[in-house]
Amino acid sequence: MLKEKLEKFFKIDRRWIFLLLAIVLFAPIMKPIGLPNKTISRDAQNAYTFMDNIPAGSFVLFSLDYDPSTRPELHPQAMAMVRHAFKRDLRVGVVTFIAGSTGLISQIFAKVPGEYNKVNGTDYVIFPYQANYAAVMTQMGSDLYGIYDKDQDGRDARTLPVMKGVKNYKDMALVVDITGTSILDQWVAFVGDKFNVPVVGGVTAISQPGYGPYLQTKQLKGLLGGMKGAAEYESLIKEPGKGTSGIDSLNLAHLLVLILIMTSNIILLIIRYL
Amino acid sequence: MKFIKKQIPLMIVMVVGLLTLASYYVPNKHSVDYIELLSKWENIVMAFAFLLGLISLFYSHYNKISRKTDGWGYSLFVYIGFLGMVVPAMMNGGRQMVDGRLTMLGWSFNYIYNALSATMFAVLAFYIVSTAYRSFRIKSKQAFVLFLAAFVLILGKVPLGQIIWDFLLGWTHATVSEVIEWIMSVPAVAGKRGIMIGISIGAIVTSLKIIFGIERQYMGKD
């Protein structure tokens, strides 16, 4: 009798689980609980420290390669890292190999530069979308103007003050790639290793474990993973943003997953030994 | 004829392949110029590949609509979606914001593409949670190890999990972050490294087979 009742739990209508998850995700967004971000991971700390030690005025290349599907995790990471770069008075260049990313880049640079009085063309430059990342990465090793002769607004890239003294990777202090794809692997292989440029990454939580080998060998100087990575970076630069506010939902959703997995296994055990 | 259709393409592939390979290891002006030229060609070819893909997509959906196959109505949305993004992009010169105000393209991006794309991905979360409840069952020793690793990772990935760990297992003096770091830098890295080495060897072998004309599938059947 009890066995049959318990077995019913396995056949529970999945819409109940959907509803539960929806509540768990929405409730903290509507009314934040304010759970503390207890620890900063070693890789996020390394990413921050590396960026923080770059001399002011250096050129940092951001490759922002994510589209709206991974926006909740990666957009806060990009915002936080761009903020940090501006805070440190670094010159910022932006490229992308994902067409869907162009709108998100516009959103970042419509907001963040104004907070630090940064001017387009003088303190930062946004290059147009390019499809073939392997060819572009290789080309930029010798002369980036061979590919990016104009910026997004059609201005001659060579004459922009932000590009003064920048011709190829040798003139860049850091490459930051924030992506929901495998483009970070290509930055490491085609650029970091070959041209000896430091590379820092930002990826989704699900792909974070795959970058362990690069971190161990220091081919990646640091890595932000998912929304937690964004929250960690935000707390390091002391600028709470979407990553920090999303951490409540993330907390409860993770807890829900654990409770569900444990419940199903406890039921399985009881059924087995009944 | 065979010479033109087979031998010449194979020769071009071999020469270009070997030159490109050598250029990676020989850093002089000629090899840099060669790679630069090749990169530009590659970008041009890529643009045509996009165009070809678009024509093929339109053609296949046109066929679905004209034959009124099952679900042909969805094919209409391919054209609607395309026009909904491309027409505003052409009208606004690709700009999504002008003087801090959204253009038509910006509106389409924010309220059509952004919303649809994010929704598609967000739906996955619901299926993952539901599947975790239904499928993550410990039925063997291997499944138990997987469960244990996943449990610790999920717990340690969020601050609330870390608080729970400290409350229940604080007496062990091992933080969940330390346990995760060990899992990530020993067993996970070992597995990932093995996969990476395997993939790389496979890629090298396939490349060499193409360069030396052993692998010819890219030439088609004729």
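# Close-up views of helix H7 and its surroundings in chain A

**View 1. The buried face of helix H7 of chain A.** The buried residues of H7(A) pack against E1, H6, E4, E5 and H8 of chain A, as seen here in a predicted model. Those buried positions of H7(A) are Ile183(A), Leu184(A), Trp187(A), Val188(A), Val191(A) and Gly192(A). In an α-helix, residues three or four places apart point the same way, because there are 3.6 residues a turn.

**View 2. The length of helix H7 of chain A and the residue that follows.** With 13 residues at 1.5 Å a residue, H7(A) should span 18 Å, and the 17 Å between its end C-alpha atoms agrees with this expectation. Just after H7(A) comes Asn196(A), whose phi is positive, at about 60°.

**View 3. The parallel sheet of chain A.** Six strands of chain A form an open sheet in the order E3-E2-E1-E4-E5-E6, and their pairing is parallel. At the edges are strand E3 (124-126) and strand E6 (222-225) of chain A, each of which pairs on one side only. From one strand to the next, the twist averages 15°. Helix H7 (residues 183-195) of chain A packs on this sheet, where it touches strand E1 (59-65), strand E4 (174-179) and E5 of chain A, and the direction of the helix makes about 160° with that of E4(A).

**View 4. The pairing of strands E5 and E6 of chain A.** Strand E5 (residues 199-203) of chain A runs parallel to E6(A), and four bridges join the two. Within this pair, Val200(A) stands opposite Gly222(A) of E6(A). In general, the strands of a sheet pair through backbone hydrogen bonds, in either a parallel or an antiparallel manner.

**View 5. The side of chain A that touches chain B.** The contact between the chains takes 47 residues from chain A and 48 residues from chain B. On the side of chain A that touches chain B, at least two residues each are supplied by helix H2 (14-30), helix H5 (101-115), helix H6 (133-140), helix H8 (212-216) and helix H10 (242-273) of chain A. H10(A) gives the most to this side, with 13 residues. By residue type, the side of chain A that touches chain B divides into 21 nonpolar, 20 polar and six charged residues.

**View 6. The two domains of chain A.** Chain A is divided into domain 1, which takes in 2-28 + 251-273, and domain 2, which covers 42-240. Between the C-alpha centres of domain 1 and domain 2 of chain A lie 40 Å.

Note on methods: Residues are numbered from 1 along each chain as its sequence is written. Chains are lettered from A and ligands numbered from 1 in the order in which they are written. This is a predicted model: local features need pLDDT of at least 70, side-chain atom pairs count only at pLDDT 80 or more; totals for chains, interfaces and linings use all residues. Two strands pair if DSSP finds at least two bridges between them. Axes are lines fitted to C-alpha atoms, for helices over the stretch in contact, and angles run from 0 to 180 degrees between N-to-C directions. Two residues are in contact if their C-beta atoms, placed from the backbone, lie within 7 Å. Ala, Val, Leu, Ile, Met, Phe, Trp, Tyr, Cys and Pro count as nonpolar, Asp, Glu, Lys and Arg as charged, and the others, Gly among them, as polar. The expected span of a helix is 1.5 Å times one less than its number of residues. A residue is buried if 20 or more other C-beta atoms lie within 10 Å of its own, exposed if 12 or fewer, and partly exposed in between; C-beta atoms are placed from the backbone. Domain bounds come from an automatic or database domain assignment.
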